[in-house]
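Please read the following report with the sequence and the structure side by side.

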Amino acid sequence: MQFVIRCFFSFVFLSFISCNFHYFALANESNQTAVDLDKITGDKIRFHLIRVEETSKANLYNSPGLEFELAKSKLFKLSRTSKLNLTYTTQTGTDSAGISAVLFLLTLGIFPSFVETHSNVTFTLMDREDKKIIRDYTYPIQGRRIVSWLTIPFYIVLPIFSDSVDGGSNFETSNVSLRMLVEKFESDLAKDCLENPELLETLRNKGNESIDL
């Protein structure tokens, strides 16, 4: 029993001091050319963000970093008083490290421990007063976390060449996953607005209206 306890605490200790390497991929992502946001002239779309948390703990796809990524957008603007709601929801599943966790422990963090995550992320634009959904977009996203001392060169070098990876000591959250999701949502909504100017007008009008708090 004492051996099991020691192994558990050793695993936890090594997990915290080892380096994490994350890779993310949006499922069914097409090779469509990104929409030029400069084509959408005029005011930004203002909305009140509602972030629905799965648990009290932040995760790779639902953390306060979402607000930071949305605030950088050329298309959106956060506003507590807007009559346009943007609800952000996630459903996340995690596959355990399994045998790789045991090998990780036995090799003192050299053999990589693999953990896979999969989530469905939904952005829902809704009228704040009548609760009518204007648009909603759902994105399946998958991630793989590799924990090992050997990942140090990869998480330092690969982010220079790829926008889908990051790494470091923090394994619970990632700005890369949130940036990918926000950019995809931004691009898809911009495409719909360019194809349907009435949608853009509706979103702007509703966003510019204020609600009493």
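Lys83 is buried in this predicted model, since its relative accessible area is 14%, where buried means under 20% relative accessible area, exposed means over 50%, and partly exposed lies in between (1.4 Å probe, protein chains only). Its salt-bridge partner is Glu129, which counts as partly exposed at 48% relative accessibility. A salt bridge, as the term is used here, is a side-chain nitrogen of Lys or Arg within 4 Å of a carboxyl oxygen of Asp or Glu. Glu129 lies in the loop between strand 5 and strand 6, and Lys83 in the loop between strand 3 (76-78) and strand 4, so this pair ties together parts that are 46 residues apart in sequence. Helices (H or I, at least four residues) and strands (E, at least two) are DSSP runs, numbered from the N terminus.

The model is predicted, and therefore local features need pLDDT of at least 70 and side-chain atom pairs count only at pLDDT 80 or more, while totals for chains, interfaces and linings use all residues. Residues are numbered from 1 along each chain as its sequence is written, and side-chain values use heavy atoms, with hydrogens and water left out.

The structure holds twelve salt bridges, and the table sets out three of them.

| Salt bridge | N to O distance |
|---|---|
| Glu129 and Lys83 | 3.2 Å |
| Glu116 and Arg144 | 2.1 Å |
| Lys184 and Asp188 | 3.5 Å |

Glu116 lies in strand 5 and Arg144 in strand 6, so their pair ties together parts that are 28 residues apart in sequence. Glu116 is partly exposed at 32% relative accessibility, and Arg144 is also partly exposed, with a relative accessible area of 35%. Lys184 and Asp188, by contrast, are four residues apart in helix 5 and are thus separated by about one helical turn; both residues are buried. Salt bridges with shared partners also join Lys83, Asp127, Glu129, Lys206 and Glu209 into one network.

Lys206 belongs to helix 6, where Leu199, Leu200, Leu203, Arg204 and Gly207 are buried along with it. Helix 6 has twelve residues and spans 16 Å from its first C-alpha to its last, close to the 16 Å expected at 1.5 Å a residue, the expected span being 1.5 Å times one less than the number of residues.

A nonpolar core is a set of buried Ala, Val, Leu, Ile, Met, Phe, Trp, Tyr and Cys residues joined through side-chain atoms within 4.5 Å. Which members of the largest nonpolar core touch the most other members? Of its 34 residues, they are Tyr88, Leu181, Phe185 and Leu189. Helix 5 gives the most to this core, with nine residues. Leaving aside neighbours within four places in sequence, Phe185 is in contact with Phe76, Leu86, Phe123, Leu125, Tyr137 and Tyr139.

Thr122 has its place in strand 5 and is buried, with a relative accessible area of 15%. Not counting residues up to four places away in sequence, Thr122 touches Thr87, Tyr88, Thr89, Tyr137 and Thr138. With the side chain of Thr138, the side chain of Thr122 makes a polar contact at 2.9 Å, a term for a pair of N or O atoms within 3.5 Å, of which, within protein, one must be able to donate a hydrogen and the other to accept it, while residues adjacent in sequence count only if both atoms are side-chain atoms.

Methods. Contact means heavy atoms within 4.5 Å.
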